[in-house]
Amino acid sequence: MSSEKPIYVTQPFLPPLEEFIPYLEKIWKSKVLTNNGPFHRELEQAQCRYLGIDYISLFANGTLALVTALQALRITGEVITTPYSFVATSHALLWNGIKPVFVDIEPDSFNLDPALIEAAITPQTTAIMPVHCYGRPCNIKAIQHIADNYNLKVIYDASHAFGVRDDGGSILRHGDLSVLSFHATKVFNTFEGGAIVCPDAKTKIRIDHLKNFGYVDELTVVAPGINGKMSEFNAALGLLQLKYVDQVLAERQRIDSAYRVKLDGILGIRFLPLPEVQSGNYAYFPILVGPEYPLSRDELNERLRQHNIYPRRYFYPLISEFPMYRGFPSARHDNLPMALEIASQVLCLPIYSELEEQEQERIAHLVSSFVQKTSI
Ligand SMILES: *Cc1c(COP(=O)(O)O)cnc(C)c1O
């Protein structure tokens with residue numbers, strides 16, 4: 001066992017504590033703790049400015065935002081989605097009594113494969129819920145084309161995609177709605193938090209009702225809404241985090257680039273090319289451990305753990321493998337060959353703004369050292 005300090009797949013960014021104290025003092029003084037308070041309103045405005053979007057509605061977490069996004073558009077029946085994601089993507093469908101229909105992913109982006117969507121559409125299909133996996137944009141044009149042809153809504157699970165921009169601006173402007181997560185493990189965190197990005201004021205008003213029990217005013221309740229509100233504490237954290245987010249993204253970019261150099265040419269190790277975007281967010285650094293590598297993905301994971309390095313197998317198992325999903329016809333293995341293959345090879349290496357150069361060197365050195373040792 002290594003004596004070196006453990007390196008986890010991610011480490012949340014925390015701004016200097018003393019900078020948070022004034023925010024707390026304001027909360028203590030005003031005694032406004034939640035319910036669309038001043039920090040909540042300020043963070044919504046600040047995020048619209050930072051992200052370059054028109055409307056955002058903050059939530060207590062990303063999962064409640066996903067559940068509410070489906071309700072805001074009155075989605076029912078069947079929704080086409082990816083099995084290669086965090087389980088909350090599909091859970092949001094089950095929470096709404098919607099049947100998930102899994103469609104396989106593309107080999108070069110790990111996102112929903114648009115070429116396979118049409119064959120999965122039935123008269124019950126009402127929406128497509130793709131994920132911008134690892135912050136890499138989906139094939140938005142192709143997905144929108146299908147949605148337009150079949151009159152389907154598109155809700156992007158953009159939990160990984162904070163700050164990602166394409167030629168026209170934020171990728172959150174695409175589809176009918178986009179959902180963000182500000183969980184501790186994400187590139188931008190409010191400890192727990194999330195949001196729905198929407199294109200117009202009317203939709204934002206509906207979302208804001210739904211996240212507040214369906215209340216429109218003191219005496220009017222229009223829907224069986226949930227309590228999805230973000231508190232003033234979390235909103236204040238978000239305001240402070242926003243001051244550091246560019247710095248955090250720049251540091252992630254540096255680490256991403258260094259991995260690409262350090263891991264280049266290791267037999268059997270592949271990684272995705274940089275996405276074709278104006279600016280990415282370097283949220284994850286997935287590698288694929290192929291059959292030419294002397295260890296299996298799980299063996300490599302185990303060896304790294306013995307050296308106090310803790311990568312994660314995002315996303316293994318596939319969502320479609322969990323007991324509440326595996327009975328659906330679309331969960332069958334012959335429907336999802338690519339997702340199964342990627343899930344069996346993927347390993348997300350540690351990436352976060354405070355990962356040190358020597359730590360990254362140690363990780364890359366270990367990954368390459370197993371090749372040399374076993375091939376001699
Ligand atoms: C993190 C995540 C969620 C859930 O967000 P929470 O804020 O943890 O509820 C949903 N989908 C994806 C793809 C995620 O990575």
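A surface patch here is a group of residues with over 30% relative accessible area and no salt bridge, in which like charges are joined within 9 Å and nonpolar side chains (Val, Leu, Ile, Met, Phe, Trp, Tyr) within 5 Å. Welcome to this predicted model, where local features need pLDDT of at least 70, side-chain atom pairs count only at pLDDT 80 or more, and totals for chains, interfaces and linings use all residues. Residues are numbered from 1 along each chain as its sequence is written, and side-chain values use heavy atoms, with hydrogens and water left out.

- Leu14, Phe191 and Phe233 make a nonpolar surface patch of about 260 Å² (accessible areas come from the Shrake-Rupley method with a 1.4 Å probe, and for residues only the protein chains shown count as cover; a salt bridge is a side-chain nitrogen of Lys or Arg within 4 Å of a carboxyl oxygen of Asp or Glu).
- Leu14 sits in the loop between β1 (7–8) and α1 (17–30); helices (H or I, at least four residues) and strands (E, at least two) are DSSP runs, numbered from the N terminus.

**Helix α7 with α2**
- Helices α2 (residues 38–51) and α7 (residues 232–242) pack at an angle of about 35°, their axes 8 Å apart (axes are lines fitted to C-alpha atoms, for helices over the stretch in contact, and angles run from 0 to 180 degrees between N-to-C directions).
- This crossing of α2 and α7 is left-handed, a term for a near helix turned anticlockwise from the far one by less than a right angle, with right-handed for clockwise.
- Residues of α2 that meet α7 include Phe39, Leu43 and Tyr50, and among their partners in α7 are Ala235 and Leu239; contact means heavy atoms within 4.5 Å.
- The contact of α2 with α7 has nine nonpolar, three polar and two charged residues (Ala, Val, Leu, Ile, Met, Phe, Trp, Tyr, Cys and Pro count as nonpolar, Asp, Glu, Lys and Arg as charged, and the others, Gly among them, as polar).

**Helix α7 with α1**
- The axes of α1 and α7 come within 10 Å and cross at roughly 145°, and the crossing is right-handed.
- Phe233, a member of the surface patch, is also one of the α7 residues in the contact with α1, where Phe20 and Ile27 are among the α1 residues.
- Nine nonpolar, no polar and two charged residues make up the contact of α1 with α7.

**Backbone details in the loops**
- The peptide bond from Tyr314 to Phe315 is cis, with omega near 5°, and Phe315 is in the loop between β15 (309–310) and α10 (337–345).
- Tyr316 and Pro317 are joined by a cis peptide bond with omega about -10°, and Pro317 lies in the loop between β15 and α10.
- Asn35, in the loop between α1 and α2, has a positive phi, near 60°, in a residue other than glycine.
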